[in-house]
Amino acid sequence: GRPAWLRFNAPTRRNSSESKAVPHLRLGGATARSDVAAPKKAANSTRVVSRHAAALAQCNQSIDTAAREGDTQKAGQMLLEFERVSGQPDVMSYNLVLRACAKAVDVDAAERWMKRMESRGVRPTLCSYNTLMDACAKANKPEACEAWLQRMLDAGLEANVISYATAIYARARRGDVEAAEAWLKRTVAAGVEPDAVSYNSVIHAYSVKGNAAGAEHWLGEMRKKGLQTSVASFTAVIDACAKSGDVPRAEHWLEQMLQEGLEPTVVTFGAMIDACAKAGNLARAEFWHEKMIGCGIAPNAHSYSAIINACTKAGGEGGAEIAEQWLDRSENAGVESDVVIYSAVIDACGKAGDAERALRVFQRMRAKGLKPHIVAYAALARPFAYRGDWIKVESIRQSMAADGVAMNEFFLYAQLLAYAVARPRQQDRAEQCFRDALSAGMVANDHVVGALVRAVGRGRCVELMNELCNGREVPAQPQRRAGGGSGGRSGTTARSGASGGRTGHETAYQ
């Protein structure tokens, strides 16, 4: 079952005395004999070299296959085995393993292989460094990316446009617009002409920040340079508009994109729907969803969750019902629903005060075999907290603990609010809950302290701040929920961004 590139190295069995002279797994199993003529030696040597080259080619092909399949461990094992059996791999062997590590976003492994390659006397190439930098950029490690770029320059290699574009992208992912722009200028200073990827990364940096004006500026600069704008260029600008909830501006750029003959993707429409959701414009969110279907583009989980978030933002008594209907539509369309979609529906129910529907959707999520995270639990607790149903909120917390999910500030707020709204108020329970949360390492923010004031009274809250929080100031007034009681958003998990990725908690209290 050994690969062909290993089998040929097995020692050849001869007579007992000669076999002792054959080193185990010596390349080709050949031994030098003093009575063999020089031409024969040369011929044998040529055959050995040829066989080594053939084995190396087969090994590299096997590593490449493993890398393409995403099996980083198998690719590395093959290279180690070739080192052990056959001696020296070439730079391509190591570069293929580096590529596998980059694909898996395993920076530590990639760096180990780079150092191993150098320790075995194989000089890394431009491709080696660019691949390692790519792994660092994807892992959101711009400092490491820049360090390897500098190390490449120190080694006497000349960086190319890919090298600089990777450094720009690494900073852009963090929304570090100043650093991204600085790297673009450094690219030009090095005599390298930035390409469309470089400019798209700078636009993306402004998109991450939600700075539509900055994104538009760099799109204009890109055009001045005569570079071809792409779907990615426009999608990043639309996403920047989405983060600020500027629907007309986002629609302008989508229409401009269509006029230039570019076909939007599901990510583009998702960014457009995000803009509508941010503005609470459910009607336009639904319009662009139907427009997407009309263009023959199948919606994905992100686009459905964006519309559900629009239901949450729009509010109203019917918001929870509409949100659940969109959940039904996503499942009927064959979209694989996940915790994010269900959490968005539960959040819509919480905002509408529809505790029963929230619980039903939560149970529906669990029936699908999905494990709730803290966002789902906090969203579920909120409508019961508004009612002062502290018994139910405590029950939800117990289920959460059984699932191994730790409390966060949103759930703590909901639990304290439940004690505050309850009749009679549950001062002792609220104080113990607060003490337990601090003991677990949580930090009290203004919203949590505001809920605690309502639960235990301002005087006692001041005493607790002096005792537990180094005299932390108590907010003058607790945050009030529009339409009555005080409430806080549970930290809705939303998908946003041109990449369709998840941004985590949208930390807003109402």
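Which residues does Asp389 touch, not counting residues up to four places away in sequence?

Guide: In this predicted model, Asp389 touches Phe384 and Ala418, once residues up to four places away in sequence are set aside. Asp389 is found in the loop between α21 and α22, the latter running over residues 390–402, and its side chain reaches the backbone nitrogen of Lys392 at a distance of 3.1 Å. Across the chain, Asp389 and Arg423 are 34 residues apart in sequence, while their C-alpha atoms are 9.3 Å apart in space.

Helix α21, residues 374–387, gives 11 residues to the largest nonpolar core, the most of any contributor. That core has 155 residues, of which Met272, Phe411, Leu416 and Met465 touch the most other members. For Met465, the residues touched, again leaving out those up to four places away in sequence, are Phe434, Val449, Leu452, Asn470, Gly471, Arg472 and Val474.

Another helix, α14, shows how a buried side can be traced along a helix. Its 13 residues, 247–259, should span 18 Å at 1.5 Å a residue, and the C-alpha atoms at its ends are 18 Å apart, so expectation and model agree. Val247, Ala250, Glu251, Trp253, Leu254 and Met257 are the buried residues of α14. These residues cover an arc of only 165° around the axis, and therefore lie on the same side of α14. The face turned away from that buried side carries Pro248 and Gln259, which are exposed. Among the elements that cover the buried residues of α14 are α12 (212–224), α13 (231–243), α15 (266–278) and α16 (282–294). At the N-terminal end, Asp246 caps α14, with a side-chain oxygen 3.2 Å from the backbone nitrogen of Arg249, whereas Gly261, whose phi is positive, near 80°, follows the helix.

Charged pairs complete the picture, and the structure holds 33 salt bridges. In α13, Asp239 forms a salt bridge with Lys243, their closest N and O atoms being 2.6 Å apart; because these two residues are four places apart in that helix, about one helical turn separates them. Asp239 is buried, at a relative accessible area of 1%, while Lys243, at 27%, counts as partly exposed. A second salt bridge joins Arg364 and Glu331, with the closest N and O atoms 2.9 Å apart. This pair links distant parts of the chain, since Arg364 lies in helix α20 (residues 355–367) and Glu331 in helix α18 (residues 319–332), 33 residues apart. Arg364 counts as partly exposed at 22% relative accessibility, and Glu331 counts as partly exposed at 22%. Through salt bridges that share partners, Glu324, Asp328, Glu331, Asp354, Arg357, Arg360 and Arg364 are joined into one network.

Technical notes: Residues numbered from 1 in each chain as written. Predicted model: local features only at pLDDT ≥ 70, side-chain atom pairs only at ≥ 80, totals over all residues. Heavy atoms only, no water. Core = buried A, V, L, I, M, F, W, Y, C linked by side-chain atoms within 4.5 Å. Buried < 20%, exposed > 50% of the residue type's maximum accessible area, 1.4 Å probe, protein only. Contact = heavy atoms within 4.5 Å. Expected span 1.5 Å × (residues − 1). Arc of directions from axis to C-beta. Polar contact = N/O pair within 3.5 Å; in protein donor to acceptor, adjacent residues only side chain to side chain. Salt bridge = Lys/Arg side-chain N within 4 Å of Asp/Glu carboxyl O.
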